Amino acid sequence: MGRKQQGSRPTKRDVCMGCALVSGLLFLVFGVLVVIYMQAHVDAYINKLLAFSEDSPTYHAWKEPPVAIKTKLYFFNLTNKEEFLAGTAKPRLQEVGPYVLGEKWDRKNVTFHPNGTLSSQLAKTLYLIEEESVGPETDLITTLNVPMISAAAKVRYEKDTMRQTTSGLLEVLEEYPIIVRSVHELVFGYPDPLVKLAKNVQPPGQSLPYESFGYFVGKNASAGPPMLINTGQSDFRKIGVIERYDGSRLLPFWNTRQCNMINGSDGTVYPPGANESTIVYLFARDICRSMALHFEKEVLHSGVRALRFTPPENVFDSVDTNPENMCYCVGGPPCAPKGLFNISVCQYGSPTFISFPHFYLADPSIVNKVDGLMPSKDKHQFFVDIVPRVGVSMKAKIRVQINTQIGPVPDIEYTENLPDMFYPVLWMEAGVDELPDETVAMVKQATDTPEVARTTMTAVTFVLGAVLVLIGATVCLTRMRQSRRATLNSAPNGKPVEMADVNPTNGSAGNGAAKLAEAEAPPSV
């Protein structure tokens, strides 16, 4: 009695509750669509701010960096000159530094083009920051005479008469393998008779276009080659990507088109949207190539999440372990050993090799030929920490070491006792330690606003949806109670009437009527 049979129609209560649930779910779906719509518009707004334009903050930060650009130099001072030149001991080196170079940047000839690109030239003014350095620029360093070693290397495979003539010339000019120069001279240059002679007698492009030698000669207060970059206006993922360098899409140095490709940015800004599977490309002009950077780990700077990208450990591997590096083996084999990258082809033939500082990740046999080096990942790793949403580098350590290949050259005096080795002369660290507070605040706003908006709208949507379901259910239950109360009030004696299930085939309806009549009859005497 009073139980619903299987297969019967849904009750009013079921229908009402279902309507409430459907209404709530529809509201949730609508809310999710609103969240997606708002997120897309927030993203579009931020992407518009990131793209280079006359009034975008990214463009102004690129044009006038909000951080002090500095380069730290560490020289290797030779402490056993006599024993080394006599061939009785390997070089014992003492790291001296840092000597901190400040850089004032000036973007010249900046021009926006209708095709979404921008052209400019970068001029740097360099100056030594003595208060942040270990000593004044007058400090003396005992180091390798790179012009003399380069002159000897150029005639290594020439005829005997050419080598003998070169040896006589070096003796007349009093050129020796080891020299003592000040930090200022090594950085900004000093007059060298060999460099001047080479400039006058060698074809253009085969010798330095200067009469002085220094590691930053020609890079101070002079505009570099023109560079064409993507503004990101049509595709924000290409912001800062170099389209042409010195008027070309390719470099002229290496064996294949792929290795000559100019990929990525110059490190000032990186395309937004990087994730753990992204390969970030950096065009390093000083080593004449583009370098791929791979994700290593997540890091946190000032409460901002960033992704650390580093060169793969095999980036400077020998061709035996990394055959892809064969394209960089110009004039070989033999090619550069593990841990070294030969840039002689873009350094006027000077036997110059790049490595990570202290030969980090290089073949141990290279490190073992020098006393005083201690490779360390913490001190010598090359990395860039990028905020993926905006492509801003929170911290960067671009670390490279300059090495010169030396060895005995037949008929060249003063080289007969030199060992076959790669002699480190200095290493440098460029990059950013930390951003100014106002820049960090802007980065946080750009990264947090979309997430906060999405989280807030999602929470509000689900809360309102749940409230709508609750309200609908409450209304349904209230109406059900009112309907039941009305039914009770309409029954005889205020009691509900139980009706038997109707079944025409067995006459159950008539039995119910008889029971009702029996209930209403007075008791018999």
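View 1. Glutamate 429 counts as buried, at 7% relative accessibility; here buried means under 20% relative accessible area, exposed means over 50%, and partly exposed lies in between (1.4 Å probe, protein chains only). Please keep in mind that this is a predicted model, in which local features need pLDDT of at least 70 and side-chain atom pairs count only at pLDDT 80 or more, while totals for chains, interfaces and linings use all residues. Residues are numbered from 1 along each chain as its sequence is written, and side-chain values use heavy atoms, with hydrogens and water left out. Glutamate 429 forms a salt bridge with arginine 399, the closest N and O atoms being 2.8 Å apart; a salt bridge is a side-chain nitrogen of Lys or Arg within 4 Å of a carboxyl oxygen of Asp or Glu. This pair links distant parts of the chain, 30 residues apart, with arginine 399 in strand E16 and glutamate 429 in strand E17. Helices (H or I, at least four residues) and strands (E, at least two) are DSSP runs, numbered from the N terminus. Arginine 399 is buried too, with a relative accessible area of 7%.

View 2. Arginine 308 and aspartate 385 meet through their side chains in a salt bridge (2.7 Å, N to O). The two are 77 residues apart, arginine 308 in strand E12 (residues 304-310) and aspartate 385 in strand E15 (residues 383-387). Aspartate 385 is buried, with a relative accessible area of 0%, and arginine 308 is buried at 12%. Elsewhere, aspartate 371 forms a salt bridge with lysine 90, their closest N and O atoms lying 3.5 Å apart. That pair spans 281 residues, from the loop between helix H3 (81-86) and strand E2 (93-112) to the loop between helix H9 (364-367) and helix H10 (377-380). Here aspartate 371 is partly exposed at 32%, and lysine 90 is partly exposed at 37%. The count of salt bridges comes to 19.

**View 3. The second largest pocket.** About 820 Å³ of space lies in this pocket. On a 1 Å grid over the protein atoms alone, a pocket is an open set of points with protein on both sides within 12 Å along at least five of seven lines, a cavity is a set where a 1.4 Å probe fits but cannot get out, and lining residues have an atom within 4 Å of a point. Grid points are joined across faces, edges and corners, and a volume is the space filled by probe spheres set on the points. The second largest pocket is lined by 34 residues, with Pro334, Asn342, Ser344, Phe353 and Gln405 nearest its centre. Helix H4 (146-154) and strands E13 (341-342), E16 (392-406) and E17 (421-432) each supply at least two residues of this lining.

**View 4. The largest cavity.** The structure holds three cavities of 30 Å³ or more, and the largest has a volume of about 50 Å³. Its lining includes Ile149, Arg156, Gln405 and Leu418. H4 and E16 are the elements that give two or more residues to this lining, and H4 gives the largest share, three residues.
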